[in-house]
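User: Please walk me through how to read a few features here, one at a time.

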Amino acid sequence: MAIPTPPVAPLRRRTRIHEVIIQGLLFLCGLISIFVTTGIIYELSKEAYLFFGYQQWLPAHKPLVADIAPEQTLFEVGTQGPALEVGSHYRIGDEIMLLEAVDGALVQMQRGAQQTEPIAHRAGLTLSREVNPNLLEFLTGTAWEPHNGRFGILPLLNSTLIVSSIAILVALPLGLATAIYLSEYATPTARSRLKPILEILAGVPTVVYGFFALTFMTPLLRAIFGSGVVEIYNMASAGIVVGILILPFVSTVSEDALSAVPRSLREAAYGLGATRLETAIQIVLPAAFSGIAAAVILAASRAIGETMVVAIAAGAGPNFTFNPFKAAETMTGHIARISGGDLSYDSLDYNSIFAVGLMLFLMTLVLNIISQRIVRRFREVYE
Amino acid sequence: MSQAPSKFADASLQVNRRHVSGKLWLTIFQVATLIGVVALTVLLLTILNDSFGYVAVENKVDPDSLAVNGIPLDAQDKETLMQTLRANISAGLYARFERDQPFAERDAANVYALIQEFVISPRILESWTLYDSLFIREQISETLERDFPNAELQFRNWLSWNFVRAQQSSYPEIAGVRTAILGSLWTIGIAIAFSLPVGVGAAVYLQEYAQDNQINRIIQTNINNLAGVPSIIYGMLGLAIFVRAFGLFTSGIAFGAVDPATANGRTILSAGLTLGLLVLPLIIINAQEAIKAVPNSLREASFGLGATRWETIWAHVLPNALPGILTGSILAVSRAIGETAPLIVIGASTFIQVDPSGPFSKFTTLPIQIFQWTTRPQGAYHHLAAAASLVLLVMLLTLNATAILLRNRSRRSY
Amino acid sequence: MQNSTYAIETKDLAIFYGAFQAVGNVNLEIEHHKITAIIGPSGCGKSTVLRAFNRMNELIPSVSTKGVVLFNGHNIYERDVDPVEVRRHVGMVFQKPNPFPKSIYENIAWGARINGYTGNMDELVESALRGAALWDEVHDKLDQSGTSLSGGQQQRLCIARAIAVKPDIILMDEPCSALDPIATLRIEELMYDLAREYTIIIVTHNMQQAARVSDYTAFFSLSEDGKRTGQLMEYGDTKTIFTNPGRKITEDYITGRFG
Ligand SMILES: Nc1ncnc2c1ncn2[C@@H]1O[C@H](COP(=O)(O)OP(=O)(O)OP(=O)(O)O)[C@@H](O)[C@H]1O
Ligand SMILES: [Mg+2]
């Protein structure tokens, strides 16, 4: 039988340059996200580092009692104001000195510190003290006035936490109840009507929510609690509106978690004679717990990072208070306000908002990572 | 014959109780769900309430007196408008306008705006919300007679065509959002031009090329984390990188295309790129989902014919994922359009009257404009903020409707 | 220069999914221009072996292949061999019809185009559709989507698509399992015709089908050592395998007493 035989194929690998180039370009696209993260971390850290190294001279209210000569290390100064600190740098005019000892009004200085020239100074000139933000003060100080040498982030952090807590208090019960209703009770028609509303709610720009907080929520709160109690700018109004803002997020993600619970589990409960409520609350909800927890944590991270509502409605100016009806600036609000003005590079303001930003970034990052961990574990259970 | 007593409580009674508590909780769930609906309604009503209402207006010159040969002001051609303007303002002011921008280059609408602002010069002395206008009309009239005897009460639609068309102004009565809308469109355009190709590219890489190794896992985790970074942080990144470090490029100096009014990195280009980075993770994640949804059998069919990976992607994966990618991208765009915080940080201009002319212009956007008007203490600006919010919401609604249409049209079976 | 005796020849072929060995120790010679059927119980690695013949297994990241697969005497697993080239010569038809969501015309033209076909495309489309016995049914609706056809028509479209690139071998993995008996019959007739020009290897669960259409039959089964590795149990002339099998296990399987 004469079967025509096929020719042997040239199977040799062809060089497909463009395939290689395309793959390389696509890989670069994927890599850009790494650059973005590196960029964020690098820039925030760099400027925050500069912030902690920022040298600022503030009046120490210690005038020289008598003229001093360039080589004179022992001299007398006034005694009002806060006490001088041994080991700190002080400055008169262009000269920086290091305080070595102090005895009442008598001080002993190492002259010409930090490469400055020791020079003569006239009586009455007053000392400036060096102010350096340090990490401990940053984390524990209760006043944020960088230009007065007070670098405590607590007022900003505190109001951020109060606003976010209010937001979660609003969004968690409402969002969870909505999710349970949508996933366990609602008819398909009701669902198809309600879900778009939640989607619209989620799509409203935050600046519009800010407007809403200022022109509706604040007057409402003032009408209820009295305008003597509720300030025009206050954390409660901002918190409630941020709660509404994250509500669709909590309900959608929770609903997904609830619907991921297998039908068989529900049917098992019904088969034992459980009512719909008992099934929903005692069987489905616990099974979806970690998914819901992840949603809430992610929502909290959103609330912490939310800027416009607080910038508009929570007040401008750090204020360390636990009263939600008072005005107090949050971390994001502070960053927005400071950078909204004329900000010059390498100024104290410029560096300080990056320190606040780094704090904000780390907080949200930790929350995001926790929630992703939880989600992954949740998936492992049901997939 | 005796039966053992049941250890269960009276069953029917208990079931009844359980059903009552079930009903009660159902009501609670329904009310909670309803609150979301109410919140949206109240939000919209608040905005509408501030977008319409009575105003007390005082004109410096009655516009009717500016009619020429019986033609009312708003129907006059440019020449007539110029004459009217020249006749009613000082020569010095006229010369200044000429210097700012020669009249030959201005159009009729521009001259009309000048007449509005400098000749008629209407001043709103007081404004009321829609609710007040409808329900406390008498009180409004009283206030008007008592406090503003010379003013005229007009019902004002703040969201007029003029509002959309007019430039920014420091007078609320003639201020508009044209500059802001153009700014928004420019920044979004740049954001999309950057993030769509890069985002889809990254998604294709992760779904079609990436092997399950360390670097690719890091990239994936990293993208998920980036999606959760607060937007204001992106603003700080944009400020540090685009505005500051690459200021030479984003200002256009390096290309010799610098806009003399800016000459720094706080430009449309920086804003667009910042928003681009912001939506990048969203676009990647959405595109990944769309690519995942393309059935594997298509890839196998293509490979089985001797297609290379890229040929398979280009001819089969991308076309079939396209509707999903577009839907996701539109949603990302709607997110970017509404973003305010990062643009504040990178330095949106507080007040610009000239339309942006290119990527190196100063910028303002619709949300920035809303923010600025909201934070003004005078009431009239709140009406502007409300009207601008409506414009923004309409833009977003149009976008989302497009996305939904796309999604429904592309529900094809394989 | 076709002087190799076999279209496909495997030597000690072993395929792994990660650490799990799916098949091992496969030594098989497949004749030119014949229809070879691969039969065996579910999970014994028939698809895996078939997909090794055009390196489709590589698309699954965890797969590793050991041993040699000679195509016309050339080892396709050699390092400088391009899987894309292999698949251009060894086409494939899948279990579920998977036409591209493009027009019927494009479904066929696309593969030829990417393989550098420069001739008259209309002619090629027509001859491929005729070759797959589909032309009469679709010649007036070539611009309709391939997905709009019936299941049997879709499968023939996939066959047309495969033969349009003029492969040497066509691999078919249970090509009729999603089709009704009439459509199945049409495909079987088609295979008969195709065998004049192509070498065909078909995986099937249908004993009658194997007996009807194939010239040779390879019987695979799981090894009896409990490792669940698929092995070639018996290979030979279809008539012999079905009438006078050499091993008990083969006979049991064919007569339905398996398992
Ligand atoms: N993608 C995969 N990953 C891991 N294991 C796989 C994969 N595909 C197949 N296997 C395993 O390899 C073995 C052989 O599978 P294969 O699909 O080749 O069997 P088959 O003989 O074609 O079965 P069937 O007749 O059901 O199609 C099975 O144990 C299967 O579980
Ligand atoms: Mg199989």
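User: Let's start with C:Pro175: is this residue buried or exposed?

Analyst: Burial is read from relative accessible area: under 20% is buried, over 50% is exposed, and anything in between is partly exposed (1.4 Å probe, protein chains only). C:Pro175 comes out at 1%, so it counts as buried. Keep in mind that this is a predicted model, where local features need pLDDT of at least 70 and side-chain atom pairs count only at pLDDT 80 or more, while totals for chains, interfaces and linings use all residues. Residues are numbered from 1 along each chain as its sequence is written, chains are lettered from A and ligands numbered from 1 in the order in which they are written, and side-chain values use heavy atoms, leaving out hydrogens and water.

User: Where does C:Pro175 sit, and what does it touch?

Analyst: Helices (H or I, at least four residues) and strands (E, at least two) are DSSP runs, numbered from the N terminus. C:Pro175 is in the loop between strand S7 (169-173) and helix H7 (181-194) of chain C. Contact means heavy atoms within 4.5 Å. Not counting residues up to four places away in sequence, C:Pro175 touches C:Val93, C:Phe94, C:Gln95, C:Gln155, C:Ile202 and C:Val203.

User: How many residues does the largest nonpolar core have?

Analyst: In soluble globular proteins, nonpolar side chains tend to be buried together. A nonpolar core is a set of buried Ala, Val, Leu, Ile, Met, Phe, Trp, Tyr and Cys residues joined through side-chain atoms within 4.5 Å. The largest one here has 167 residues, and those with the most contacts inside it include A:Tyr209, A:Met331 and B:Trp373. Helix H3 (residues 154-185) of chain A gives the largest share of this core, 16 residues. Another core, of 47 residues, lies apart from it, with C:Ile39 and C:Phe219 among its members.

User: How do helix H6 (residues 235-259) and helix H9 (residues 289-305) of chain A pack?

Analyst: Axes are lines fitted to C-alpha atoms, for helices over the stretch in contact, and angles run from 0 to 180 degrees between N-to-C directions. H6(A) and H9(A) pack at about 160 degrees, with axes 9 Å apart. Among the contact residues are A:Ile246 and A:Phe249 of H6(A), and A:Leu298 and A:Arg302 of H9(A).

User: Which helix of chain A is mostly covered?

Analyst: That's helix H11 (residues 331-340), where 8 of its 10 residues are buried. Among these are A:Met331, A:His334 and A:Ile338.

User: What about B:His383: buried or exposed?

Analyst: B:His383 is buried, at 3% relative accessible area. It belongs to helix H17 (residues 379-409) of chain B, and it touches residues including B:Asp50, B:Trp128 and B:Trp158.

User: Which phi does B:Asn69 have?

Analyst: Most residues other than glycine have a negative phi. B:Asn69 has a positive phi of about 50 degrees although it is not a glycine. B:Asn69 lies in the loop between strand S1 (52-58) and helix H2 (78-88) of chain B, and it is exposed, at 75% relative accessible area. C:Arg228 also has a positive phi, near 60 degrees, and sits in the loop between strand S9 (216-222) and strand S10 (230-237) of chain C.
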